Amino acid sequence: MTESQRPSGEYPMYPSYGNGDAAYPPPPSYRPAQPITTGPGATVWPGGGAGGHSGGGDDGYGDYHGLPQPAPQPPARGRRRVGRPVALLTAVAVAAAVVGGATATAIGQFTDSGSSGSGTSSAVSGTTVSQSSAGTVAGVAQAASPTIVEIGASSNAGESTGSGVIITSDGEIVTNNHVIAGASTIKVTLSTGKTYSAKVVGTDADKDLALIKLEGASGLKTATLGDSSSLKVGDQVVAIGSPEGLTGTVTSGIVSALNRDVTVAKDGDSGQGQQGGGRSDWPFEFGGQQFNGDTGDSTTTYKAIQTDASLNPGNSGGALINMNGEIIGINSAMYSASSSDGSNSAGAGSVGLGFAIPVNTLKADLDTLRSGNSS
């Protein structure tokens, strides 16, 4: 066996030469770590190496016992990621709920402040057509019928039946003058069937209008008075009244013409509404012709709305209504094809020639009627 002649641990040393990158052997790319002395007989090298022994046992970690331990590591990022999607979804849901609630509130406020139609904002609840029934006869009838009443007037000439329109919650009612002219007692029946006694407040025979007041009434539903100046020929209308004592009868038609000159009697002796002891129809003149009998010597002429909505004896004083549920006329005259001698109404019936006093005429006359002046 050949033995090495070099002493153990001895190796040839090679000279180095050159500087920087040209040196041989080349210098390391980083500065070598320097030992750190921590105490007698113990030198710690960065990176976990040691230059001496600490005297620990022979457990394979002799030189590393007593060295600084690494800092605790933060929890694995993977665990934090698991919670993030859930937290994100929760935040989004909460934000959506807040925004949705605010939006719903804003929409509700906007709807509440802008749902009223033009000219109907001051109407008593229940007297305007609901949105779902707007433009229908059924919707108009449902909205306006509670504001139309039947009027029974007793006089020396007998009993008469007409209609009226409630305009105040405490029982002011507008009707035709000829319905209550000469009456000694007046009974009014609401759409509910409840009956009141009424007194005459004021009359205007020149316009065939009258205002009566219920005794002891309150909380009544009132009609909405519209604007008759906006009417056009062909507009659809609804008539409500008590023809032949049939309370709350509803008919419909159109505006046939405007500004018709209608002449009616000013006194109550020529027949009233549905007269029990005399002529059944209120006589009137139009175009130089007389209808339903003789108007007598005392007459008045006014501009009327002509309609083909069916009007019959007892409709006088009732309402002509537009499709928004607004009163645009007070029904006042109709042509009835009765027998030529006018002795009875067996052959009477509507032929689509009805007339109504424009509501603007009524509105202009209300102060006079309320003052108690009579003409």
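Two strands count as paired if DSSP finds at least two bridges between them. Strands themselves are DSSP runs (E, at least two residues), numbered from the N terminus.

This is a predicted model, in which local features need pLDDT of at least 70 and side-chain atom pairs count only at pLDDT 80 or more, while totals for chains, interfaces and linings use all residues. Residues are numbered from 1 along each chain as its sequence is written, and side-chain values use heavy atoms, with hydrogens and water left out.

A hairpin of 2 residues links β3 to β4. Strand β3 covers residues 148-155 and runs antiparallel to β4, with 8 bridges between them; Ile148 has Val165 of β4 as its bridge partner. Strand β4 (residues 158-166) is mostly covered, with 7 of its 9 residues buried (under 20% relative accessible area, 1.4 Å probe, protein chains only).

On to β5, residues 172-175: this strand pairs with β4 in the antiparallel sense over 2 bridges. Ile166 is bridged to Ile173 in β5.

Lys187 has Ser197 in β7 as its bridge partner. Strand β7 also pairs with β8 (residues 209-214), again antiparallel, over 6 bridges, and Thr203 stands opposite Ala210 in β8.

Methods
Buried < 20%, exposed > 50% of the residue type's maximum accessible area, 1.4 Å probe, protein only. Helix = DSSP H or I, 4+ residues; strand = E, 2+ residues; numbered from the N terminus.
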